[in-house]
Amino acid sequence: MKSLFARAVMLLAVSVPMAAPAAKPAAKISPAQRNWLATASRTAEGAIVIGNPAAKVKLVEYLSMTCPHCAMLSVEAMPALKRDYIAKGLVSLEVRHAVRDGYDFVASLLLRCEPPANYLGAIEALFATQNAWMTKGGSAKNDPGFEAKSADEKMALVAKAAGFDGFFAKRGMTPKAYAACMGDARAKEQLAKMAGDSWERDAIPGTPLILINGERQESVHAWSTLEPLIKAALG
């Protein structure tokens, strides 16, 4: 798997003073009222975690953006998972990008530059159109001299062919932010290490792989299988 991953990365104003009114105590927001979908953090390894840090159920997904089973699970699970569990503070979701190829690498890199509140929605949208952008991205190889280009040049051509510039622009990413993300060496190194750790250190058998409170859940590829496990963990 290590050699496969190595090949994949290469593929790629003045006012009048007025007396201020007495400040009112800030209203306390209960955990049930908080918008946990807009709450995000990063682990020490750089994985993005969405939801209540104190959630009873801590869900981890190792995923690959070019994995068809991951796409199917996203389409089935994400709407209900966000609405019924993450938004209510019951479940947090940590995403670990187990990159499989160059298309996956550039898609994951750009996703991780999204504002945290938009991150899961962007993953959903890319999974929903997976076949289309993978097919278009593959056409980058037809560019004259593609194989002679640097890894960064290949990555830029693949992203352009896949339509990622337009996709992320529609979601609010400026051309300047897009270029900065594509050129962020530290972000690339962190993503590459996350992928390497997923396949080598953690020895995952494939994607998607789900952990619930640290316990591996093998062969969870459908919401009908995942939701009962979440409910059982919630007690």
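Rings of Phe, Tyr and Trp (its six-membered ring) form an aromatic pair if their centres lie within 6.5 Å; planes under 30 degrees apart count as stacked, over 60 as edge-to-face and the rest as tilted.

## Aromatic pairs

The structure contains 4 aromatic pairs. Helices (H or I, at least four residues) and strands (E, at least two) are DSSP runs, numbered from the N terminus. Both Tyr85 and Trp223 are buried, where buried means under 20% relative accessible area, exposed over 50%, and partly exposed in between (1.4 Å probe, protein chains only).

The ring centres of Phe167 and Phe168 are 4.9 Å apart and their planes stand at 85°, so this pair is edge-to-face. Phe167 and Phe168 are buried. Ring pairs also join Trp133, Phe164, Phe167 and Phe168 into a cluster.

## Basis of the model

This is a predicted model, in which local features need pLDDT of at least 70 and side-chain atom pairs count only at pLDDT 80 or more, while totals for chains, interfaces and linings use all residues. Residues are numbered from 1 along each chain as its sequence is written, and side-chain values use heavy atoms, with hydrogens and water left out.

## The sheet

An open sheet of 6 strands runs in the order β1-β2-β4-β3-β5-β6, with mixed pairing; two strands pair if DSSP finds at least two bridges between them. β1 (40–42) and β6 (215–217) are at the edges with a single partner strand each, so one side of each has no neighbour in the sheet. From one strand to the next, the twist averages 25°.

Strand β5 (residues 209–212) and β6 run antiparallel and are joined by 3 bridges. Ile212 has Glu215 of β6 as its bridge partner. Helix α9 (residues 185–201) packs on the sheet and touches β1, β3 (57–63) and β4 (91–97), and its direction makes about 100° with that of β4. Contact means heavy atoms within 4.5 Å. Axes are lines fitted to C-alpha atoms, for helices over the stretch in contact, and angles run from 0 to 180 degrees between N-to-C directions.

## Two packed helices

Helix α5 (residues 130–138) packs against helix α6 (residues 151–162) at an angle of about 130°, and their axes are 7 Å apart. That makes α5 oblique to α6, because angles under 35 degrees count as roughly parallel, over 145 as roughly antiparallel, 65 to 115 as roughly perpendicular and the rest as oblique. Trp133, Lys136 and Gly137 of α5 make the contact with Val158, Ala161 and Ala162 of α6.
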